[in-house]
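Reader: I would like to go through this structure term by term. Please set each value against its cut-off and then conclude.

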Amino acid sequence: MERSLAIIGAGLSGLIACKYVVEKGFTPVVFEAKEGVGGVWNHTAETTKLQNDKESYQFSDFPWPPSVNEVMYPSHNQVLEYIQSYAQHFDLLPYIKFNSKVLDLDYVNGESHEEMEAWDLWGGTGEPFNSNGKWHIMVQNTKSSSREIFQFEFVILCIGRFSEVPNIPEFPPNQGPEVFNGKVLHSMDYSAMDDEGAKELVRRKRIIVIGSMKSAVDIAAECSNVNGLEYPCTMIQRTVHWMLPSANLWGGVKLSYLYFTRFAELLVHKPGETFLLSILATLLSPLRWAISKFAESYLRWKLPLKKFDMVPNISFHQDISSCQIAMLPEKFYEKVEEGSIILKKSQNLSFCKEGLIINGETQPLETDIVILATGYKGDKKLRSMFKSPIFQKHIVGPPTSTVPLYRQVIHPRIPQLAIIGYAEDFSNLLASELRCQWLTHFLSRQLQLPSISNMERDVKMWENNMKLYGGNYFWKSCIGVFNICNIAKFLDSKCSNIGEKSSHCRSRNKWPCSLQVHQFEFMILCIVRFSGVPNIPEFPPNQGPEVFNGKVMHSMDYSAMDNGMAAKLITEKRVAIIGSQKSAVDIAAECANANGK
């Protein structure tokens, strides 16, 4: 008998979930409130680009198109087109009901909540499907406003965190937006506009952006592009965070090499680690501190942080552990230097008729429009999906706790439901693919869940561990530097269950963050010299690679490609190789084999 399965959301995670459940023989129904796929990538500021380099944000079985081969950080339009192409390539569109907004979910199985609380196994049986349990899904057509109830045996929630429920700061009476004569809107409303509409809104206006993360810097940059020096944009931050001009640090060392590899995993303590691994993490803690200082020193050198009083008070490691870093738009600090963006810090602010008063000053900052880039209430959005008050309480506990998801997928106390894409990390696409593969193998009964108590114990251990490194800036949905640990755990503990046919299991030794972990009593480091940090020759100004119209790369990057990709790169190309040692002659021979005379 075919099992009924619903997926809520046709963003990145929803599409991946749809693709993998279809491969397992299910026929899902995907409910999407908007008119197209792509989720948040449908509504972003014009200056928004992918924060990852594209190699770390790529489907395992669907590469980026050739049109973006020369782009390190694709634009939001390129990312959206890539996601849309993925849906078309795997023929996912027929499964999607567009303009279908899910209002709530109600679990019906004839058992009381007291009986469900007494379950030892998930859903009472530990199985993905319960013969008695059904989810009733209330869906509203966004065009006609008509409502309909659908019934399914299993639901996959892929609603994300960064949409629908904006986080609006609270102000004392008579000090909020209601006393301001200008316009106040959230970044969500700004991003929902088309590019021209957004430009018209801010053109020749005095703009203040409140916020310190990605949306804030993107909107400030966009306002600067439109208005220049005539109407500078002011950006007010309560807490300054580390921002990156690119994913490379000193010497071209990629941030991912320092924080998202198996070696980086050894630098932090993890739940369930052996005594030896605990000792190793303790011994390597000075290196963890040094890596953080390495990143901070580069950013202090690269960006005029001290000049504009924008040096964060927290370490880079703590910021990245709590998902509080972001990529700056192009030439952001050049705009700050020229004066088209003005940066200010303030712990307190309030509205007045003319604009804003910061830090208790008597002179207001006069403005026409205030844009609140203050984030979203993802927990409130998630809670509102459930009709049952008990499930609402289960899904989002106290403010100091995580959403308790086993493997960031399964809530131990909510049966026949999975959540994909809520936990935030620095490799969302990779993590979503792995979680979906794990989930679909569970749905097809190829692996079993632990007991409810063991799942809850596992979730609590990981939560305490994340708080250890995130500190006061711990974010409820952020797994930060533990992204690699969780991906590792998927691969190491589940590849044996889901089989080597899984694309990630098959290629796990090729992924920088997916190498197998083994336990030993003694370790000898034989990491040699010929990797990690390439030797890039120095050139006089205007005589280096920056003036060249072609592509320049180091042999390290060439050798990191698989054979097919390397051959494709050099075929029918005029290739020059600089060097006289082994790698130079080897690459020259490959070029000759590929191109002949």
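Reader: Where does Arg 407 lie?

Author: This model is predicted. In it, Arg 407 sits in the loop between α14 (389-395) and β18 (417-419).

Reader: Why is Arg 407 called buried?

Author: Its relative accessibility is 9%. Buried means under 20%. Therefore Arg 407 counts as buried.

Reader: What is the phi of Arg 407?

Author: Phi is near 60 degrees. That is a positive value in a residue other than glycine.

Reader: Where is Arg 445, and what is its phi?

Author: Arg 445 is in the loop between α15 (428-443) and α16 (452-470). Its phi is also positive, near 60 degrees.

Reader: Why is Arg 445 called partly exposed?

Author: Its relative accessible area is 46%. Buried needs under 20%, and exposed needs over 50%. The value for Arg 445 falls in between, so the residue is partly exposed.

Reader: What makes Ser 13 buried?

Author: Ser 13 has a relative accessible area of 11%. The cut-off is under 20%, so Ser 13 is buried. The residue lies in helix α1 (residues 12-23).

Reader: Which residues does Ser 13 touch, beyond those up to four places away in sequence?

Author: Ser 13 touches Cys 158, Ile 420, Gly 421, Ser 432 and Cys 436.

Reader: Is Trp 41 buried or exposed, and how do you know?

Author: Trp 41 has 14% relative accessibility. That is under 20%, so Trp 41 counts as buried. Its place is in the loop between β2 (29-31) and α2 (76-89).

Reader: What is in contact with Trp 41, leaving aside neighbours within four places in sequence?

Author: The partners are Thr 48, Lys 49, Leu 50, Tyr 57, His 76, Val 79, Leu 80 and Ile 83. Asn 77 is 36 residues from Trp 41 along the chain. Their C-alpha atoms are separated by 7.7 Å.

Reader: Now the helices. How do the axes of α5 and α6 pack?

Author: Helix α5 (residues 195-202) packs on helix α6 (residues 214-227) at about 70 degrees, with the axes 10 Å apart.

Reader: Why is α5 called roughly perpendicular to α6?

Author: Angles of 65 to 115 degrees count as roughly perpendicular. The angle here is about 70 degrees, so α5 is roughly perpendicular to α6.

Reader: Which residues meet there, and of what class are they?

Author: From α5 come Ala 198, Lys 199 and Val 202. From α6 come Glu 222, Cys 223, Val 226 and Asn 227. By class, the contact has four nonpolar, one polar and two charged residues.

Reader: Which residues of α5 are buried, and what puts them on the same side?

Author: Ala 198, Lys 199, Leu 201 and Val 202 are the buried ones. They cover an arc of only 160 degrees around the axis, so they lie on the same side of α5.

Reader: What covers the buried residues of α5?

Author: The cover includes β8 (183-186), α4 (187-191), β9 (207-210), α6 and β17 (369-372). Just after α5, Arg 204 has a positive phi of about 55 degrees.

Reader: How do the axes of α9 and α10 meet?

Author: Helix α9 (residues 275-283) and α10 have axes that come within 4 Å and cross at roughly 45 degrees.

Reader: How does the span of α10 compare with the expected value?

Author: Helix α10 (residues 285-302) has 18 residues. Its first and last C-alpha are 26 Å apart, close to the 26 Å expected at 1.5 Å a residue.

Reader: How do you know that the buried residues of α10 are on the same side?

Author: The buried residues are Arg 288, Ile 291, Ser 292, Ala 295, Glu 296, Tyr 298 and Leu 299. Their arc is only 160 degrees around the axis, which puts them on the same side of α10. In an α-helix with 3.6 residues a turn, residues three or four places apart point the same way.

Reader: Which exposed residues are on the face of α10 turned away from its buried side?

Author: That face carries Trp 289 and Trp 301.

Definitions and conventions
Residues numbered from 1 in each chain as written. Predicted model: local features only at pLDDT ≥ 70, side-chain atom pairs only at ≥ 80, totals over all residues. Heavy atoms only, no water. Helix = DSSP H or I, 4+ residues; strand = E, 2+ residues; numbered from the N terminus. Expected span 1.5 Å × (residues − 1). Buried < 20%, exposed > 50% of the residue type's maximum accessible area, 1.4 Å probe, protein only. Arc of directions from axis to C-beta. Axes fitted to C-alpha atoms, helices over the stretch in contact; angles between N-to-C directions. Contact = heavy atoms within 4.5 Å. Parallel < 35°, antiparallel > 145°, perpendicular 65-115°, else oblique. Nonpolar A, V, L, I, M, F, W, Y, C, P; charged D, E, K, R; others polar.
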